[in-house]
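Hello,

Here is the structure I said I would pass on. My notes follow below it.

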Amino acid sequence: MTMSLASKSLQHQTSDQAAALAQLQLTLQLRFESITLDVEQTLGITGITGIYGPSGSGKSTLLRVIAGLEQRATGQVSLSERQLQDSDTKLFVKPERRQVGLVFQDSRLFPHLTVYQNLAYGAKRQKHRQLSIANILSLTQLTAMQHQNVNQLSGGEKQRVSIARALLAEPKLLLLDEPFSALDKNTKSQMLTIVKNIQQQMKLPMLYVSHSLSELQYIADQLVTVNAGKISPSVTIHRAIDDLNSRGEINPLTSISATVAEHLVEYGLSRLQLATAESLTQSIYLPLLEAQENSPLIGQQLPCIIYARDISISTTKPEHSSIVNHLSATITAIHYRHRHALVTLKVAEQVFYAQISLWSAKRMALAVEHNVYLQFKANAVHSYHYTEPSINA
Ligand SMILES: Nc1ncnc2c1ncn2[C@@H]1O[C@H](COP(=O)(O)OP(=O)(O)OP(=O)(O)O)[C@@H](O)[C@H]1O
């Protein structure tokens with residue numbers, strides 16, 4: 001992605017905001033009738049941290065405590081060495097002084113004002129702002145619609161205004177609570193790509209709550225899981241998904257970050273390269289990501305997922321198959337579940353999961369350490385990468 005002048009200056013202006021290694025220290029308790037949020041954890045939150053867990057587990061409450069919206073919470077909260085609350089010393093930094101931005105699912109904007117006026121209203125209260133409204137409009141891709149009334153905007157555009165408003169306050173941490181759950185897949189892809197770019201340009205740590213693991217796999221660097229008011233340490237997104245797979249808590253899936261190698265425009269495919277030993281380059285093909293062969297995406301890492309139910313196994317090299325993806329792999333574990341077997345395999349250091357029927361597992365006499373081939377269609381590889389629709393489309 002080419003960086004605009006506005007965003008270059010923005011990066012410069014916010015570089016001191018960018019805590020090299022942002023940390024959130026939480027020792028807190030908040031009791032409700034249904035649940036007690038009980039957290040004792042120091043979380044590394046550099047980049048985007050996904051917050052994942054079942055409904056009612058306490059994700060939104062956790063964000064509300066960090067934002068200072070839950071006065072009853074006891075304990076301590078600090079953000080990269082700055083103490084935000086400590087019930088022992090009666091310290092409680094008010095929400096508006098925490099430098100923590102919060103974006104919800106429903107954008108709470110002033111409906112009768114334009115995009116610009118909505119931002120200017122918030123900006124009035126920020127006396128020593130370094131970022132201009134123009135910077136923020138450009139970063140959130142709102143410049144062209146700044147004079148439109150917000151009630152004429154789509155859901156995705158309204159959410160961009162909410163994010164713009166939060167950024168204008170120059171937060172040191174941005175909390176996003178299911179911000180795009182009401183949007184369709186295409187708009188969501190666009191929004192996720194915008195948020196990722198904002199994070200990379202501003203180096204602003206973000207906590208991002210979602211029910212969708214595929215969304216989190218695309219956007220998050222690491223993941224924290226919340227369960228019945230308790231939270232896990234943050235671990236890399238791939239490791240977190242592997243843990244959820246092995247505990248049988250999700251529809252098993254393979255989580256990959258692979259390098260975009262080329263676009264085969266005439267075939268409607270893009271090729272990713274899996275990091276393997278040099279002599280053993282393995283490619284993954286997926287539906288075309290960009291219409292141009294020389295796209296800025298080439299050379300970048302693309303997060304994508306493949307559901308285990310979409311991967312099959314062959315004991316011989318599938319040379320006469322129409323299926324485009326076949327990878328040579330080694331079985332590392334087989335878990336027998338109700339009516340199917342979940343086979344864990346390795347392609348170099350990358351872990352894959354294939355879900356096959358018990359019948360097939362038995363017929364093929366699969367066992368740990370067997371060398372086999374994985375097969376899956378290009379359409380089985382999912383990514384939230386967003387491409388602008390071409391003018392001729
Ligand atoms: N102000 C409150 N008073 C009483 N109970 C509350 C309050 N706020 C939250 N709760 C309870 O705390 C629990 C956790 O709520 P929370 O909204 O944090 O869950 P969540 O993980 O974000 O859920 P979801 O994914 O459905 O949004 C729920 O059982 C909820 O009813």
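How far does a polar side-chain atom of His211 lie from an oxygen atom of the ligand? The distance is 3.0 Å. Please keep in mind that this is a predicted model.

Ser55 has a side-chain N or O atom 2.5 Å from an oxygen atom of the ligand, and for Thr61 the distance from a polar side-chain atom to a ligand oxygen is 2.5 Å. On its own the ligand exposes 640 Å², of which the protein buries 60%.

Parallel pairing over four bridges joins β9 to strand β3, residues 48-52. Here Met206 of β9 is the bridge partner of Ile48. Strand β9 also pairs in the parallel sense with β8 (residues 173-177), again over four bridges, and Tyr208 in β9 is the bridge partner of Leu176. Between β8 and β9 the chain passes through helix α6, residues 185-202, in a right-handed β-α-β crossover.

As for the side chains, they alternate between the two faces of the sheet in a regular strand.

Regards

How values were computed: Residues are numbered from 1 along each chain as its sequence is written. This is a predicted model: local features need pLDDT of at least 70, side-chain atom pairs count only at pLDDT 80 or more; totals for chains, interfaces and linings use all residues. Side-chain values use heavy atoms; hydrogens and water are left out. Two strands pair if DSSP finds at least two bridges between them. Helices (H or I, at least four residues) and strands (E, at least two) are DSSP runs, numbered from the N terminus. A crossover is right-handed if, with the strands pointing away from the viewer, the path from the first strand over the helix to the second runs clockwise. A polar contact is a pair of N or O atoms within 3.5 Å; within protein, one must be able to donate a hydrogen and the other to accept it, and residues adjacent in sequence count only if both atoms are side-chain atoms. Accessible areas come from the Shrake-Rupley method with a 1.4 Å probe; for residues, only the protein chains shown count as cover.
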